[in-house]
Amino acid sequence: MDCRDALADVLDMLRVRGAVTAQVRAHAPWGMSLHREPGATFHAVTAGACWIRVPGLPPRELHAGDVVLLPTGAAHVVASAPTGPWRPWDQVTQALAPGADGEFVLDGPGSSTRLICAAYHYDREVAHPLVSLLPPLLLVAGQDLADGSAVPTTLRLLRQELTARSAGWGTIVNRLIDVLFVQVIRAWLDGRGEQEHSWLRALRDPIIAQTLTRMHADPAAPWTIALLAREANLSRATLTRRFSALVGEPPLAYLTRWRMELAARNLRETDEPVGAIARRVGYESEFAFSRAFSRLRGGPPGRYRAAARERREGRAAAASS
């Protein structure tokens, strides 16, 4: 059995990549607004305290060791108080020059707060529900994490690299930021108990998580309900009922959607023939594959590939202009 898990597969499919955007040392009173981003946004409080204000949500106070992830890049304000004025992030950073350690310093008479801020980009072509199921704000409180747990350990390594700036530090920092994305989601899930719904909650059920892992490990296998049920040591009816309740759809419907995600990535990123891609995701018949792909993606594979290529060339032209 492939040791990969379903969460790792989906995050790999999303092609999540992050980078530190700023280190900030802010003295109260202060406030910075960040507009909506096409990816995700991350803040870690390494000293002091502050507030994060997201429209539609109550302000949340953050303390040293706390980490917040805004998985859909929601607009928000980070500030020294739960209310009060703020300035756009771009205006703040443009008016300041970072110090030798790369830190932006906001002067003021009040208490000091230190932040590490990062942005993530991911493949928005991927239709998997992971990102859409996450709330606009994930908070992992440092006080709720055990000593030696993953998030604070990675944050310590991140701070060390940002401070020392030894050879290769930039590459290490960006890799640690990528790792933190996974760790924050995992820590948040671990703290949700039975509150979460659908695909995310399924990851907490050992049997259904294993069923997901089997399908992700070998999506081209000729899976049937009978075979999956035998692997899970459940009856077919029980597996279907339990899987559907947690994931939101029956096992084979989920498998078809996952196969189409894999196929869509291959269509976007390779020139492999459609028939070969069909076989790679478990279809002997190119016609059957095209019909399934059209049903879930709104058009045949060839048209999808041409549209993806056109979008890619458009982005490249815009970047070079």
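**View 1. Leu-138 in strand β11 of the predicted model.** In this predicted model, Leu-138 belongs to strand β11, and its relative accessible area of 0% places Leu-138 among the buried residues, because buried means under 20%. Once neighbours within four places in sequence are set aside, the residues in contact with Leu-138 are Val-67, Val-68, Leu-69, Pro-71, Ile-185 and Trp-188. For one of these, Val-68, the separation from Leu-138 amounts to 70 residues in sequence, while the C-alpha to C-alpha distance is 5.5 Å.

**View 2. The open sheet that contains β11.** The sheet is open and built from 6 strands, which follow one another in the order β9-β1-β10-β3-β6-β11 with mixed pairing. From one strand to the next, the twist averages 20 degrees. Helix α5 (residues 169–190) lies across β1, β3 (40–47), β6 (67–70), β10 and β11, and runs at about 85 degrees to β1.

**View 3. Strand β1 between β9 and β10.** Strands of a sheet pair through backbone hydrogen bonds, in either a parallel or an antiparallel manner. Strand β1 (residues 17–27) runs antiparallel to strand β10 (residues 112–121), to which 10 bridges join it, whereas β1 and strand β9 (residues 103–106) run parallel and are joined by 4 bridges. Which residue of β10 is the bridge partner of Gln-23? That partner is Ile-116, while in β9 the residue opposite Gln-23 is Glu-103.

**View 4. Helix α1 and the residue just after it.** Helix α1 (residues 6–14) is mostly covered, since 7 of its 9 residues are buried, that is, under 20% relative accessible area. The buried residues of α1 are Ala-6, Leu-7, Asp-9, Val-10, Leu-11, Met-13 and Leu-14. Just after the helix, Arg-15 adopts a positive phi of about 55 degrees.

**View 5. The crossing of helices α7 and α10.** The axes of helix α7 (residues 206–217) and helix α10 (residues 251–269) come within 11 Å of one another and cross at roughly 40 degrees, and the crossing of α7 past α10 is right-handed. On the α7 side, Leu-212, Met-215 and His-216 take part in the contact, and they meet Pro-251, Tyr-254, Leu-255 and Trp-258 of α10. By residue class, this contact between α7 and α10 divides into 6 nonpolar residues, 1 polar residue and no charged residues.

View 6. Glu-249 is found in the loop between α9 (236–247) and α10. Is Glu-249 buried or exposed? With a relative accessible area of 16%, Glu-249 is buried, because the limit for that class is under 20%. A polar contact of 2.6 Å joins its side chain to that of Arg-257. When residues up to four places away in sequence are not counted, Glu-249 touches Phe-243, Ser-244, Tyr-254 and Arg-257, and of these Tyr-254 is also one of the α10 residues that meet α7.

Notes:
Residues are numbered from 1 along each chain as its sequence is written. This is a predicted model: local features need pLDDT of at least 70, side-chain atom pairs count only at pLDDT 80 or more; totals for chains, interfaces and linings use all residues. Side-chain values use heavy atoms; hydrogens and water are left out. Axes are lines fitted to C-alpha atoms, for helices over the stretch in contact, and angles run from 0 to 180 degrees between N-to-C directions. Helices (H or I, at least four residues) and strands (E, at least two) are DSSP runs, numbered from the N terminus. A crossing is left-handed if the near helix is turned anticlockwise from the far one by less than a right angle, and right-handed if clockwise. Contact means heavy atoms within 4.5 Å. Ala, Val, Leu, Ile, Met, Phe, Trp, Tyr, Cys and Pro count as nonpolar, Asp, Glu, Lys and Arg as charged, and the others, Gly among them, as polar. Buried means under 20% relative accessible area, exposed over 50%, partly exposed in between (1.4 Å probe, protein chains only). A polar contact is a pair of N or O atoms within 3.5 Å; within protein, one must be able to donate a hydrogen and the other to accept it, and residues adjacent in sequence count only if both atoms are side-chain atoms. Two strands pair if DSSP finds at least two bridges between them.
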